[in-house]
Amino acid sequence: MSLDGFIAGPGHSVDWGGGRALSDFVAAEDFLAVAAATGAMLVGRRTWDVGARLEAEKPGSVDYPFSGPMFVLTHRPLDPPNPEVTTLTGDVAEAVAMALAAAGGKDVEILGADVAGQCLQRGLVDEILVHVLPVLLGDGIPFSPPGFARVDLEPLSSKRSGDATMLRFRPRTSLAG
Ligand SMILES: NC(=O)c1ccc[n+]([C@@H]2O[C@H](COP(=O)([O-])OP(=O)(O)OC[C@H]3O[C@@H](n4cnc5c(N)ncnc54)[C@H](OP(=O)(O)O)[C@@H]3O)[C@@H](O)[C@H]2O)c1
């Protein structure tokens, strides 16, 4: 996320690293540790489409070091189809439950402002992890989707990681307490 709260630039552009891959801002060991703690991913369709477009334009550019179960929330079939991905429609709590069951006791990582926002509003999130990158974008896709209702957070930790700042918070509404 940029310091002014955007997770993508205008039009869902993800080239806001000033010529640098976004992952390069974070210390490699921290990036790998987060991926290693992840047992499944729950991804919104717009996030999936951005990743698929990048991969089509530049194969190998989506290099997140995770290869476990992947669930995409969407109302439409993937185009092109991907047999390694499970598409889900409907209640976000059921989607989280499915991803958790597949995660083998590890974390479920939730990606996409809309999907993460739904999960936060339903009390389904145990922890928010943000890598704040040293840039002010001024415009783009905000962390919280339109219509998002206030959620209070408990600060858990903060640390410098490469050129990013890693912040962890626990929603006070979390069902996990
Ligand atoms: N900087 C970062 O680390 C980071 C991380 C993740 C994402 N992003 C960026 O965030 C942007 C995408 O976020 P976003 O908030 O626009 O969208 P999103 O959360 O990725 O996806 C929203 C879409 O998911 C589908 N969906 C959501 N809930 C659903 C449900 N309950 N049942 C069925 N389908 C459901 C709908 O798509 P359909 O109805 O069209 O199927 C909806 O329009 C992209 O630009 C991406 O690059 C940035």
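**View 1. Helix α2 lies across the strands β2, β3, β4 and β5.** This helix covers residues 45-57 and runs at about 100° to β2. Helix α3 (residues 92-102) packs on the sheet too, touching β2, β3, β4 and β5, and its direction makes about 170° with that of β3. Touching here means heavy atoms within 4.5 Å. Angles run from 0 to 180 degrees between N-to-C directions, with axes fitted to C-alpha atoms, for helices over the stretch in contact. Helices (H or I, at least four residues) and strands (E, at least two) are DSSP runs, numbered from the N terminus.

A quick note on the model: it is predicted, so local features need pLDDT of at least 70 and side-chain atom pairs pLDDT 80 or more, while totals for chains, interfaces and linings use all residues. Residues are numbered from 1 along each chain as its sequence is written, and side-chain values use heavy atoms, leaving out hydrogens and water.

**View 2. Four strands make an open sheet in the order β4-β3-β2-β5, with parallel pairing.** At the edges sit β4 (85-88) and β5 (107-111), each pairing on one side only. Pairing takes at least two DSSP bridges between two strands. β2 (residues 38-44) and β3 (residues 70-73) share four bridges, and L42 stands opposite F71 in β3.

**View 3. F31 and Y64 form an edge-to-face aromatic pair.** Their rings are 5.3 Å apart centre to centre, with 80° between the planes. For Phe, Tyr and Trp (its six-membered ring), pairing needs centres within 6.5 Å; planes under 30 degrees apart are stacked, over 60 edge-to-face, the rest tilted. F31 lies in helix α1 (residues 28-36) and Y64 in the loop between α2 and β3, so the pair ties together parts 33 residues apart in sequence.
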